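Hi,

Here is the structure I promised to pass on. Have a look at it first, and then read my notes below.

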Amino acid sequence: MSARRKAPSPPRDTGDTPPYEVVALVLQGGGALGAYQAGVYQGLHEAGIRPNWISGISIGSINAAIIAGSPEDERVERLRGFWESICRPAAFASMPWGETVADMFAGLPFGFGSPVMNGQVSALQALFAGQPGFFKPRFPPPYLVHGRGAASTSFYDTTPLIATLRQFVDFDLLNSGAIRASFGVVNVRSGNFAYFDSLKHKLEPEHIMASGALPPGFPSVEIGGEHYWDGGVVSNTPLAQVLTTDNMRDTLAFQVDLWPARGGLPTSLEEVAERQKDIQYSSRTRLVTDQLRRVLKLRHGLQRLLERLPEAERNAAELADIRRLSHTPATNIINLIYESKHRERYSKDYEFGTEAMREHWESGLADIRHTLAKPGILTRPTEDSCFVTHDIHRNGTHT
């Protein structure tokens, strides 16, 4: 993979974004990699693109809640505040002698202060000390405690996240309907996938935390007598929620994937573990888009068939459902895909180091700026095509 490019200057806000009924931002789960999504949003904000529906799972739900629950001119600032507050430098880097030691080993690929070492230290910090304002280890650990609910079924306590969410999310604004927000979860008892949606529920910190309650690290969250886990247990991609819920509408969707479905053949057990995680959590992105393409093609064919009927038959009451199903919305999906760097490992989603977080953010910002600079990227599909997708990779390719 090529080296990360420096972000170009932001595009001018020309105010000429093609008209769509829905401008959606779709955010996968991915832990520490979620800073990439924040960078993408910054780029959209710079370009004057304002999503009116944000759907997320896990860390994507936290980012979604901050965006939807912030005044327009404070969204990027609050995202930055959240990420800076939950991340921290590698332990040795914050000590008085840390910089000197880093300089001594600067020429070694795995020396103190190198990105590889920083990532390893950050992962260990998260495992053994948790993250400030996010989660903390349980003591005693759950395998020594029986019959005590969350204390017996999870390794970390996520109650610190409640205060953090209240600090960075205005819940009155989140529930105002100014931006629709949807958070994906799975019901622990039934196994059914579900969404907490601002149009249907009064959203509280617990709804966001439920979407990020990935077992066995984090405990399930009880809401209305039911217990919920991270929606990524079933599907880590909330695209279908935006594209198929209610009446299908003309939609421009920016989907930000944190796990690349494509990758090389592993050559070690560590690479096997990382590749397995990439495939597992990139779940259903291409499946959802392929299915929607087929559905819209069928709808368009049904519409053309209805047009061949005499007007009286076409407007008959018994064909009301057919007429409704023949509606073919214009859909443009821009799928930005985070691409792992060679030095990243299986632990990349819990390496909450400040250095890595800022690099992820800048990668997302650079990617969306380059994407929006492509001619016609936001163009509304024609009636004949009705559905277009763009898979954007950091190497500049798209389909």
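Which residues of S5 are buried on one side, and which on the other? On one side they are Arg 180, Ser 182, Gly 184 and Val 186, and on the other Ala 181, Phe 183, Val 185 and Asn 187, so both faces of S5 are covered. Please keep in mind that this is a predicted model.

S5 spans residues 180-187, and eight of its eight residues are buried, so the strand is largely enclosed by the rest of the structure.

Now for its pairings. With S2 (residues 53-56), S5 pairs in the parallel sense over four bridges, and Ala 181 of S5 has Ile 54 opposite. S6 (residues 193-197) runs antiparallel to S5, and five bridges join the two. Phe 183 has Phe 196 in S6 as its bridge partner. The hairpin of S5 and S6 has five residues between the strands, and there Gly 191 takes a positive phi near 80 degrees. S8 (residues 226-230) also pairs with S5, in the antiparallel sense over three bridges, with Trp 229 of S8 opposite Val 186.

There is a helix pair to look at too. H1 (residues 35-46) packs against H2 (residues 59-68) at an angle of about 35 degrees, and their axes are 9 Å apart. The crossing of H1 past H2 is right-handed. From H1, Gln 37, Ala 38 and Tyr 41 meet Ile 59, Gly 60, Asn 63 and Ile 67 of H2. By class, that contact has four nonpolar residues, three polar ones and no charged ones.

How values were computed. Residues are numbered from 1 along each chain as its sequence is written. This is a predicted model: local features need pLDDT of at least 70, side-chain atom pairs count only at pLDDT 80 or more; totals for chains, interfaces and linings use all residues. Side-chain values use heavy atoms; hydrogens and water are left out. Axes are lines fitted to C-alpha atoms, for helices over the stretch in contact, and angles run from 0 to 180 degrees between N-to-C directions. A crossing is left-handed if the near helix is turned anticlockwise from the far one by less than a right angle, and right-handed if clockwise. Contact means heavy atoms within 4.5 Å. Ala, Val, Leu, Ile, Met, Phe, Trp, Tyr, Cys and Pro count as nonpolar, Asp, Glu, Lys and Arg as charged, and the others, Gly among them, as polar. Buried means under 20% relative accessible area, exposed over 50%, partly exposed in between (1.4 Å probe, protein chains only). Two strands pair if DSSP finds at least two bridges between them.
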